Amino acid sequence: MKHYVLLLIFTLILVGCGRAETTALPPDLLEGSTAIIAVESRLLDRGSGKLVEGDRAPDFSFTLPDGTTQRLSDLQGRPVVLNFWASWCLPCIEEMPAIEQVYQDAEGDLVVLAVNRNELPAAIARFANTVEVSFPLIADVTGTIGTRYSITSLPVTYFINRDGTIRARHIGALSETMLAERIQALE
């Protein structure tokens, strides 16, 4: 009998651990904020292997607050800066203003997507209230997008050419000057 009770307790613990966390944002969390947070994302490319310059950027989708879904592949024709970050990562936080400035300077000729690694949308929203950015912050709660892009440390930024191929990968924080140089090299 003792074994059955222990088995029941263990089963209940596992069931509780396996419950999916909600990805919905409490309505008041972004009150007064202009942040664009995509609370749902999905890896579409199920390839494997380390990505190198010239590879097609693995495709993923994300749902914007207005309910529209975009895919990375939909953005072909425009250069893309794909930044992987987390709210607890100090270098990630330090580089966000530089990314925002370069994004603003590009005046619509550049797409910036900031993919959050393994945090719930509520944590992303709290972060968004402290840093003013106008590009989408994408929740990758399960980490599948980050895993496909071989993200093992943060921040990591991919620079994607207009044709959807990877131009470069940068590990670590970027300054505004480094960002501008990398963006200028995009085709």
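This tour moves through the salt bridges, the nonpolar core and the disulfide of the structure.

The model is predicted, so local features need pLDDT of at least 70 and side-chain atom pairs count only at pLDDT 80 or more, while totals for chains, interfaces and linings use all residues. Residues are numbered from 1 along each chain as its sequence is written, and side-chain values use heavy atoms, with hydrogens and water left out.

**Salt bridges**

The structure holds four salt bridges, each defined as a side-chain nitrogen of Lys or Arg within 4 Å of a carboxyl oxygen of Asp or Glu.

Select Arg148 and Asp45: their closest N and O atoms are 3.1 Å apart, forming a salt bridge. Arg148 belongs to helix α4 (residues 144–148) and Asp45 to the loop between β2 (40–43) and β3 (60–63), so the pair ties together parts that are 103 residues apart in sequence. Helices (H or I, at least four residues) and strands (E, at least two) are DSSP runs, numbered from the N terminus. Arg148 is buried at a relative accessible area of 12%, whereas Asp45 is partly exposed at 23%. Here buried means under 20% relative accessible area, exposed over 50%, and partly exposed in between (1.4 Å probe, protein chains only).

Next, select Asp59 and Arg71, whose side chains form a salt bridge with an N to O distance of 2.9 Å. Asp59 sits in the loop between β2 and β3, and Arg71 in strand β4 (residues 69–71), so the pair ties together parts 12 residues apart in sequence. Asp59 is buried, at 10%; Arg71 is partly exposed, at 37%.

Then select Glu187 and Arg167, joined by a salt bridge at 2.8 Å, N to O. Glu187 lies in the segment after α5 (176–184) and Arg167 in strand β9 (residues 166–171), 20 residues apart. Glu187 is exposed at 53% relative accessibility, and Arg167 is partly exposed at 26%.

**Nonpolar core**

Select Phe60, Leu113, Tyr149 and Tyr158, which touch the most other members of the 54-residue largest nonpolar core. Such a core is a set of buried Ala, Val, Leu, Ile, Met, Phe, Trp, Tyr and Cys residues joined through side-chain atoms within 4.5 Å. Around Leu113, contacts (heavy atoms within 4.5 Å) include Phe60, Phe62, Leu72 and Ile138, not counting residues up to four places away in sequence.

**Disulfide**

Finally, select Cys89 and Cys92, joined by a disulfide with S to S 2.3 Å; the criterion is a pair of cysteine sulfur atoms within 2.5 Å. The torsion about their S-S bond is about 80°, so the disulfide is right-handed. Cys89 is buried at 4% relative accessibility, and Cys92 is buried at 1%.
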